[in-house]
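Hi everyone, thanks for coming. Please bring the sequence and the structure up on your screens, and we'll walk through a few places together.

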Amino acid sequence: MNSVSRLLYVPGEVSSFRQLLPNPLLASIVGSLTEAGHSSEIWDYGTVATLARYCPEGESVRLDSVRNAPGTRGVAGWWDRALQFWNPRPPGCTNPVVQAQVLNEITNRLAAVRGLGFVVLALDSANTCRTARKVAEGLKQRRPEICVFAVGDFVEVLAQSAPEHWAPFDGLCVGDCELSLIDLAACLKRRTAWRSISNLVFRRGDRVVHTPQEYLSNWSTWPFPSYDPGLYPALQGMQKFHFFAVEEQRARSYRGKQQTSTDGMAPWSNVKPPERIAEEMRRLSDSCGVYCCRLHGSTASMAHVHGLANHLLARGVHVLHSRGCDAPILDQAALERLAKSGCDTVTFHVESGSQRLLEDFYARSFGISQVETVLRASRDAGLFTVIHLTYPCPQDDRHTKAETLRLLERTRPHAAVVSVPEFRLGLVWSRNLPSQRSGFESCPRHRGSHWFAPRGHGVNAYLRSSRRGEARAADQARQAQEALLLEIEDRGILTCFSEEAILAARAGGYVGREGQFLRMLQTCDASELAALAGEFNDRICSPASRPGWHPYVPMRAAAGN
C-alpha cells in the first residue's frame, strides 16, 4: 500500500546562508520515495519568507554572523547548555511569539493533510532539533496516529543521548536513511516489523533498539535526487538560492565510530562513480537550468578526483563546480585538470598551521611544507583557493596561532574559513589523549565523516566541557575565533564563517567582488535578501542564448607571465 508522507526542514531561526540553499538530503529521500510509488512532498521552511517573519522589519539578517554571540551563562541543565552552545545568534532576535505562531501553523497544516502516514524532520543543528521537537509534540497532540521520524547530521547526537531527549519522535533514521524510510513506509502500523529495518533507532518499552547498519551498495540503480518544484515547492519563486549540491560520496559510520585509512578516505566510504556524478550534474543543468553546483561529502582520493575530472572532460559536461579536499592529495597536474574540467573553487581542509597540532592533535600524516606547495599550485592553476581552518582547539596558544598566520602569509589563499571546534555529546573519549588545560577533553575526529559537521567539515576536535568553566569555554571559543578572523582580514585575505557563502558569491557573478556579496548577507534586511536571491537565481540559470562554455586553460607559472 502506498503511503503519504511529508518531509520537513524547520529551522528555529534562519541564521545561516546554508539554510537558504536546497536541502540535498530531503531531495534524495523524496526521489527515493516517489520512485518506490509513495506520495511525498518537501516542506522546506528555510526560506526568505520565513526569515522575513522571524526578523523584525528593517533589521539586518546577519547571516552566518557570530559577532556578539551569547555564552551559556544562566542556562540550566547540560542538554540546554549544549543547545545554547550551538545557537549562533543573540537571544531575542527571533520573537518567541512569532516563532510559536509559525510552528503552530506548520502543525495545523500537517494535521490537515488527508491520509498522512508519517512525517520526516531533518535536523542539522541543535536549534533545528529544538523546533522539530515542538512540531512533533504539537502533531502528536492533534493526530497521535501519525509516525514522526528524524534524519540528518544531528540525529547521531540524539541517538547517543538519553531517550527522553527525542521522546516526540517515533524513531531516528541514521546512516543511509533512504533505505530505512522506504521500508518504514511499507510497515508503519506493524511496529513489530521495525526490528528488521536497517539504520533505525527506536524505543521498545523501556529499551532502545539499534537495528543493524546497511549502506547503499549500487549507486547506478538508486533513484536520483528530485528537485521538481511540484515536490519541492520552496524552489518556486525566489525563496531560496538555487545553489544545488551534488553528493560525491558518503562515509560509513556505526554508532559514532568513524575510521579512516592512510590516504584520508574512510575505508568503508561509499563513493559515487564519476558517471553517476556527471549524470546528476547534467540532470541539474537540464531540469533546473543551472550551470553551477557544488560537490559535497566526505574526502575523495586523488584517483577519484582525477577520474571525475577526466570523465567530465570526456562527456563534455559543462557545469562549473566547486569542491573540497585534503591538501596533500592533489598535485600540480590534478589541479590543472580540475581547472580544465570546470572546477572554479577548491576548499582545502587544513586545520592548523602548526605541525605539532596536525600530528599530535588532529592525527594528520602530511606536513606544512606540503600544504604550502599545494596551495601555491592551486593559485597558479587559476583556481579560487579557500583554506578551511579549525580554531581554537584545546591545545592552541599564541605560538600555534602565529604559525597559522605565517602559513597564510606565505601561501596567500584567496579566502579563509574558520570554524570553531565541534561540540559533541556522549562521545567515548580516547584514553590516549590527556585532558587539556583549558577545561576541555579532546580526541581527534578522523577524516571523511559525513555524519556531523554543521559547523564545518574536516578533522575537527570533539569538545566536551568539564564541570568547571562550561560558560567560559563557549565564550572564549567565539572570541578567539573572531580575533583570528580579524587578524586574517588585516593581512588582506577574505574571511567568512561559511564556505557555502564564498562559493555562492563566485557562482552568482561576484567574481573579484566576493567580499561585497558577503557584506550584503550581513547587512541587508529580508526584502533586500529576497532581491539578492532573485538576482542570484537569474545569474546562475543558463539561458538558451548563452554561448558554449569553454574550460579555462591557465598559463604555466613562469617568470615573465
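Let's begin where helix 9 meets helix 10: Val-305, His-306, Ala-309, Asn-310 and Leu-313 on the helix 9 side touch Ala-333, Ala-334, Arg-337, Leu-338 and Lys-340 on the other. Contact here is heavy atoms within 4.5 Å, and helices are DSSP runs of H or I, at least four residues, numbered from the N terminus. Six of these contact residues are nonpolar, two polar and two charged.

Before going on, this is a predicted model, where local features need pLDDT of at least 70, side-chain atom pairs count only at pLDDT 80 or more, and totals for chains, interfaces and linings use all residues. Residues are numbered from 1 along each chain as its sequence is written, and side-chain values use heavy atoms, leaving out hydrogens and water.

Next, helix 8, residues 274-288. Its 15 residues reach 21 Å from first C-alpha to last, close to the 21 Å expected at 1.5 Å a residue (that is, 1.5 Å times one less than the number of residues). Which partners do its buried residues pack against? They pack against strand 8, strand 10, helix 9 and strand 11; strands are DSSP runs of E, at least two residues, and buried means under 20% relative accessible area with a 1.4 Å probe, protein chains only. Among those buried residues are Ile-277, Met-281 and Leu-284. Just after helix 8, Gly-289 has a positive phi of about 70 degrees.

How values were computed: Buried means under 20% relative accessible area, exposed over 50%, partly exposed in between (1.4 Å probe, protein chains only). Ala, Val, Leu, Ile, Met, Phe, Trp, Tyr, Cys and Pro count as nonpolar, Asp, Glu, Lys and Arg as charged, and the others, Gly among them, as polar.
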